[in-house]
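Have a look at it first, and then read on.

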Number of protein chains: 2
Amino acid sequence: MLGTGAASGAGAVPAATTGKRSAPAREVPVSVTMRALRVLEAFTPDAPVRTLTALARHTGLPLTTTHRLVGELTRWGALERDGGGSYRIGLRLWEIASLAPRGLGLRELALPQLSDLVHVTGENAQLAVREGLSVVFVERLAGRGAVPVLTRVAGRFALMPTGVGRVLLAYAPPEVQEQVLAGPPARCTEATVCDPSLLRQLLAEVRRTGVAVCERQVTLDSVSVAAPVYGPRGDVVAAVSVVAHAGAVQPHTLVPLVQVAARGISRSLGAEPASVS
Amino acid sequence: MLGTGAASGAGAVPAATTGKRSAPAREVPVSVTMRALRVLEAFTPDAPVRTLTALARHTGLPLTTTHRLVGELTRWGALERDGGGSYRIGLRLWEIASLAPRGLGLRELALPQLSDLVHVTGENAQLAVREGLSVVFVERLAGRGAVPVLTRVAGRFALMPTGVGRVLLAYAPPEVQEQVLAGPPARCTEATVCDPSLLRQLLAEVRRTGVAVCERQVTLDSVSVAAPVYGPRGDVVAAVSVVAHAGAVQPHTLVPLVQVAARGISRSLGAEPASVS
């Protein structure tokens with residue numbers, strides 16, 4: 001990785017004074033760039049609108065520094081001020097961030113196959129990538145009678161219980177798998193598999209069959225069938241799934257459908273036929 | 001606006017040496033935050049992948065400074081390095097930018113109505129907002145037999161010739177309208193209206209009828225019918241359109257369809273019934 005250990009315009013971050021943020025053991029120098037990124041980090045799905053005071057508290061920076069930083073970000077368009085004087089993420093940041101190849105770019109390529117899955121099943125079609133130890137949903141389309149799901153586009157979830165996440169974990173480097181298996185299990189329902197040795201077998205089964213079937217693992221009324229999407233270098237770069245009503249559908253009938261969709265998306269990404277088969 | 005004139009960690013931007021970027025008349029101080037934002041700006045739909053050298057050239061910063069800045073942005077996840085050592089926009093930036101209320105948030109609220117428009121017409125449904133003197137497309141869905149359009153999600157276009165853009169301009173502050181009318185016309189086809197006094201009349205007609213019909217203004221085979229979307233404060237915050245094959249459909253038959261969709265989206269946004277009618 002680039003520039004390891006290089007700090008630009010480093011300053012100290014004062015310890016948070018509110019108790020809402022765990023104070024660092026000692027003050028560490030933080031670059032100006034990092035401060036700006038911390039302002040952006042303060043915006044979350046649960047807190048998409050933030051006051052200047054809240055941003056100062058979150059970043060641990062003095063109010064005057066935060067004021068200046070937020071002013072710069074707002075003038076550029078990374079933030080927008082609403083009528084009440086609070087801040088939100090700006091449209092210009094969204095425009096540039098939409099160039100992320102694993103975000104909107106992937107979604108645009110996969111949209112025809114996802115639409116077909118929804119059209120044919122009337123259920124949910126999902127597309128996701130792995131980011132660290134989480135699955136990030138790049139797209140979710142829902143048919144009229146689709147089973148309710150917890151998924152949010154651009155939202156994160158645990159890898160193991162979701163179909164797409166289990167596929168992504170099965171093809172992840174062994175050290176990532178070990179890290180997930182060593183961590184606390186993501187128990188969502190009474191049916192969620194949490195035993196590490198059983199989970200290890202399930203991951204091996206995904207690699208053997210090229211498909212993951214997760215029944216009642218996230219919600220008690222849903223079943224997810226997922227398959228890997230390959231990139232041009234033959235590695236698994238994403239996963240696609242159908243999430244349907246558990247009990248109402250035989251999961252194995254969804255397998256060929258999801259596999260065909262995954263192959264179609266892989267081809268759109270430029271995967272070699274050999275790696276897709 | 002906040003923090004006007006405040007510059008943090010100001011330094012000088014060297015004039016570009018490649019001739020690809022117009023050199024500033026004199027060197028102006030640029031804050032570290034602004035430098036980081038300039039790195040992000042270097043990524044465009046035409047150049048979504050950038051080498052370190054290209055980033056240094058684009059930002060006008062020395063290679064060592066760019067190296068350090070890019071390293072920080074990569075470690076945080078605003079950029080990602082690909083196999084060949086080039087950089088792309090990172091998934092983490094996309095995750096946070098997806099919180100922009102005028103981006104993905106608006107798209108999620110409008111998705112049912114857009115899907116309905118595509119389902120009923122078999123053509124394109126578009127959702128857009130105004131950013132300065134441009135229209136930015138927040139979503140585009142296309143039916144199986146849809147007319148080809150130039151639209152790209154998160155892409156920009158001129159306001160006047162597009163249906164959604166003309167609606168947004170008609171309800172924009174007068175000074176924005178005058179700025180567009182005073183500028184060079186966006187001529188896309190031989191049919192594009194470019195006469196300022198005629199354009200002024202067309203904008204007045206949009207306000208009178210609550211709908212814009214743009215026939216063969218962007219491409220010779222398309223017609224766009226658009227209507228305004230209202231926000232909770234009664235102001236126009238977006239526009240929705242159907243873009244169909246010109247000649248194959250009577251535009252006036254699309255008007256009620258688009259208006260019903262616009263009203264539905266306005267209600268989802270919390271608009272008062274009075275402002276929607």
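Predicted model: local features only at pLDDT ≥ 70, side-chain atom pairs only at ≥ 80, totals over all residues.

Chain A superposes on chain B by a rotation of 180° with 0.0 Å of shift along the axis, at an RMSD of 0.1 Å. The two copies are thus related as by a two-fold rotation axis. If you want to find that axis by eye, look for T33(A): of the residues of chain A, T33(A) comes closest to the rotation axis, its C-alpha lying at 2.8 Å.

**Where the chains meet**

Chain A gives 49 residues to the contact, and chain B gives 49 residues too. On the side of chain A that touches chain B, at least two residues each come from α1 (32-41), α3 (63-76), β4 (87-89), α4 (91-97), α5 (101-121) and β5 (124-131). The largest share belongs to α3(A), with nine residues. Sorted by class, this side of chain A holds 29 nonpolar, 12 polar and eight charged residues. Because 100% of the interface residues of chain A are also interface residues in chain B, the copies meet through the same surface.

**Helix α3 of chain B**

Now turn to α3 in the other copy. Helix α3(B) covers residues 63-76, which makes 14 residues, and spans 20 Å from its first C-alpha to its last, close to the 20 Å expected at 1.5 Å a residue. Its buried residues are T66(B), R68(B), L69(B), V70(B), G71(B), E72(B) and L73(B). What do the buried residues of α3(B) pack against? Their partners include α1 of chain A, and within chain B they are α1 (32-41), α2 (52-59), β3 (79-81) and β4 (87-89). Just after the helix, G77(B) adopts a positive phi of about 110°.

**The sheet of chain A**

Back in chain A, six strands make up an open sheet with antiparallel pairing, in the order β7-β6-β5-β10-β9-β8. The edges are taken by β7 (156-158) and β8 of chain A; each has a single partner strand, so one side of each is left without a neighbour in the sheet. From one strand to the next, the twist averages 30°.

Nine of its nine residues are buried, so β9(A) is largely enclosed by the rest of the structure. Its two pairings are set side by side here.

| β8(A), residues 212-215 | four bridges, antiparallel | six residues | R216(A), about 55° |

Towards β10(A), S222(A) has H245(A) as its bridge partner, and S224(A) faces V243(A).

Which helix lies across β8, β9 and β10 of chain A? That is α9(A), residues 251-268, which runs at about 30° to β9(A).

**Putting it together**

Note on methods: Residues numbered from 1 in each chain as written. Chains lettered and ligands numbered in written order. Contact = placed C-beta atoms within 7 Å. Nonpolar A, V, L, I, M, F, W, Y, C, P; charged D, E, K, R; others polar. Least-squares fit on C-alpha atoms with pLDDT ≥ 70 in both. Expected span 1.5 Å × (residues − 1). Buried ≥ 20, exposed ≤ 12 C-beta atoms within 10 Å, placed from the backbone. Pairing = 2+ DSSP bridges. Axes fitted to C-alpha atoms, helices over the stretch in contact; angles between N-to-C directions.
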